[in-house]
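Here are my notes on the model, as numbered points. Please read them with the structure open.

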Amino acid sequence: MRAAAAVLFALTLAGCATAPRDAASEDAALQHARKLLRSTILVDGHNDLPYAIRGFKDAPGDVVAYDLRKPTPGDTDLARLRAGGLGAQFWSVYIPGEGRGPFARPQLEQIEIARRIIARYPEAFRFATTVAEIRAAHRAGRIASMLGMEGGYGLENSLGALRAYYDLGVRYMALTHNAHTDWADAAAMVPARHDGLTPFGEEVVREMNRLGMLVDLSHAAPSTMSDALRVTEAPVIFSHSSARGVCDVPRNVPDDILRELPRNGGVVMVTFVAGFINCEVGRVTQPYMAALRARAAAAPTPEDAARIMAEGRAAMPRPRTTIGMVADHIDHIRRVAGVDHVGIGGDFDGNDAWPEGLEDVSTYPALFAELIRRGWTDADLRKLAGENVLRAMERTEQVAARLQRERPASTMVFTPPATAP
C-alpha cells in the first residue's frame, strides 16, 4: 500500500511535459496500464540481478541466501516482479571490462549464477532461448528468462568462445561496456582506439548474425554503432539506452543512428537510469564519472574496478529525475525512429539512481500510465512493451537459419594490430 502511494505521489510530480491532473485520472490511467500489461508480454532488455547477487555483501554469489521469495535489498524480487507485470526478462550476465582480466572465468561464473537463479524459482521463471519459448512461458504464467552479455570482454578475442556462450543460452551480446575491447570502441572511453569496429569486430557481428545472437549496441561508440549497422544482416538492439537528442550524454543514441533503425528493424530499449535520462544529472555527473572510470581502468582486477565504480556512484550528487523525463525519451525515439523501434530496458539492479516512482521492477505500470495520459494507444503500447523486440528477435532467428545454410562457422583468428617501429 505504501509503495502504491509513493508511485501516485511521484506521478503527480512528473515532468514539465505533463499537465496537472487529479487523483481520479491517476487511478484510471494506472488501472488501464495494469490491465494492458496483463494482456501483453512486457519484455525488459536489461536487469543486473546476477551481478547484484555476485556482490551481495552478506553472502557473495549465494543464490539461496539472496531469496527472491522475500523482500530483497535490491530492485528485484518475485512479489515486485508480479506487481510490475513483467512477462520476459533479459538477465544481464555483466562483467567489468576494466582491468587486465582474465575475463572468461568471471563471464562463465555470471552465466552460471543466472542459470541458477532461473532454476531456483520454477514457479516464476522459465528459461527461454527463442521467441516461441518466450510466448510459451508467458502462456504458462512464467517470466521468460533470457541471458544477455554486457560487453564482449569474455570472448577474449575468440569466435569459438562466442559460439560456446551461445550454446550456454546467451541471446544478445553488447559489443562493449564502458571500456574498449580489442576490436570495438566504447562510448565512455576516450580517446577512441579503433574508430568503430576493426575487421575482427565486423566478423564478430557476422558470426552473431549466423548464430542468431542479437547485436546489442548499448554502451558502444557512435562509430561502432554505424559500423555494426553497416555490417549486420539482422536487427540490432540497444538493450538499455536513451535518446541523445533529449540529453547529450555519450552513452545515449544519436538521432542519425535512430534514423537508421527503420531500415535495419532494430529497437532502442529505453533505460530508466537517471544519469542518462535527466540532462542535469548528466551535466553534474559526467566529469565525476570520467575521473571515476580513469581510477577503475587502473585497477588490478575487474573486481577492484567494480568496487571503485560502486563506491564512487554511491557518493555521486543526484539532481531530481521524474517519470515524465523517461517518457520524453520514449516519445523522442518514437518521433525520430518510429513506434516500431522503441522498447523498455530498465537496467534495474545495475544502478541506484532512478526517477521518482520508477525505482524498482514493480513500477512499470506507472510509466505506461504516463504514456496513456500522453495519448498513446493500446496498439502502440503493446509494441513498446514487447512486440517490437520480439519481432526483432524473430527476424534474427530467420536470418540465422538462412546464414547457417549458406556458410560454416567462422575460423577467423584475432590478430593484434601492428605497432609502429
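1. A definition comes first. A crossover is right-handed if, with the strands pointing away from the viewer, the path from the first strand over the helix to the second runs clockwise. Strand β5, helix α8 (residues 199-211) and strand β6 make a right-handed β-α-β unit in this sense. Keep in mind that the model is predicted.

2. Now the pairing around β5. Strand β4 (residues 143-150) runs parallel to β5, with 4 bridges between the two. Within that pairing, Gly 148 has Tyr 172 of β5 as its bridge partner. Strand β6 (residues 214-216) is also parallel to β5, joined by 3 bridges. There, Ala 174 is bridged to Asp 216 of β6.

3. Leaving aside neighbours within four places in sequence, its contacts include Met 149, Gly 151, Leu 162, Trp 183, Val 204, Met 208, Leu 214 and Asp 216.

4. Met 173 also belongs to the largest nonpolar core, which has 94 residues. It is listed there among the residues with the most contacts inside the core, together with Phe 125, Leu 175, Ile 330 and Phe 368. Helix α16 (residues 364-373) gives the most to this core, with 7 residues. Another core lies apart from it and has 19 residues, including Ile 41, Val 131, Ala 137 and Ala 144.

5. Helix α6 (residues 131-139) is worth a look. Which of its residues are buried? Val 131, Ile 134 and Ala 137 are. Seen down the axis of α6, the buried residues fall within an arc of 125°, so they line one face of the helix. An α-helix has 3.6 residues a turn, so residues three or four places apart point the same way. On the other side of α6, Ala 132 and Arg 139 are exposed.

6. What does the buried face of α6 pack against? Its buried residues meet β2 (88-92), β3 (125-127), β4 and α17 (378-406). After α6 comes Gly 141, with a positive phi near 80°.

7. Strand β8 (residues 267-270) has buried residues on two sides. Val 267 and Met 269 point one way, Val 268 and Val 270 the other, and all are buried. β8 pairs with β7 in the parallel sense over 3 bridges. Ser 241 stands opposite Val 270 of β8. Strand β9 (residues 342-344) is likewise parallel to β8, over 3 bridges. In that pairing, Val 268 has Val 342 of β9 as its bridge partner.

8. Check the cysteines. The count comes to 1 disulfide. Cys 247 and Cys 279 form it, with their sulfur atoms 2.4 Å apart. The torsion about their S-S bond is about -90°, so the disulfide is left-handed. This pair links distant parts of the chain, 32 residues apart. Cys 247 sits in the loop between β7 (236-241) and α10 (255-258), whereas Cys 279 is in helix α13 (residues 279-297).

9. Are the two cysteines buried or partly exposed? Cys 247 counts as buried, at 0% relative accessibility. Cys 279 has 27% relative accessibility, so this residue counts as partly exposed.

How values were computed
Residues numbered from 1 in each chain as written. Predicted model: local features only at pLDDT ≥ 70, side-chain atom pairs only at ≥ 80, totals over all residues. Heavy atoms only, no water. Pairing = 2+ DSSP bridges. Disulfide = S-S within 2.5 Å. Buried < 20%, exposed > 50% of the residue type's maximum accessible area, 1.4 Å probe, protein only. Core = buried A, V, L, I, M, F, W, Y, C linked by side-chain atoms within 4.5 Å. Contact = heavy atoms within 4.5 Å. Arc of directions from axis to C-beta.
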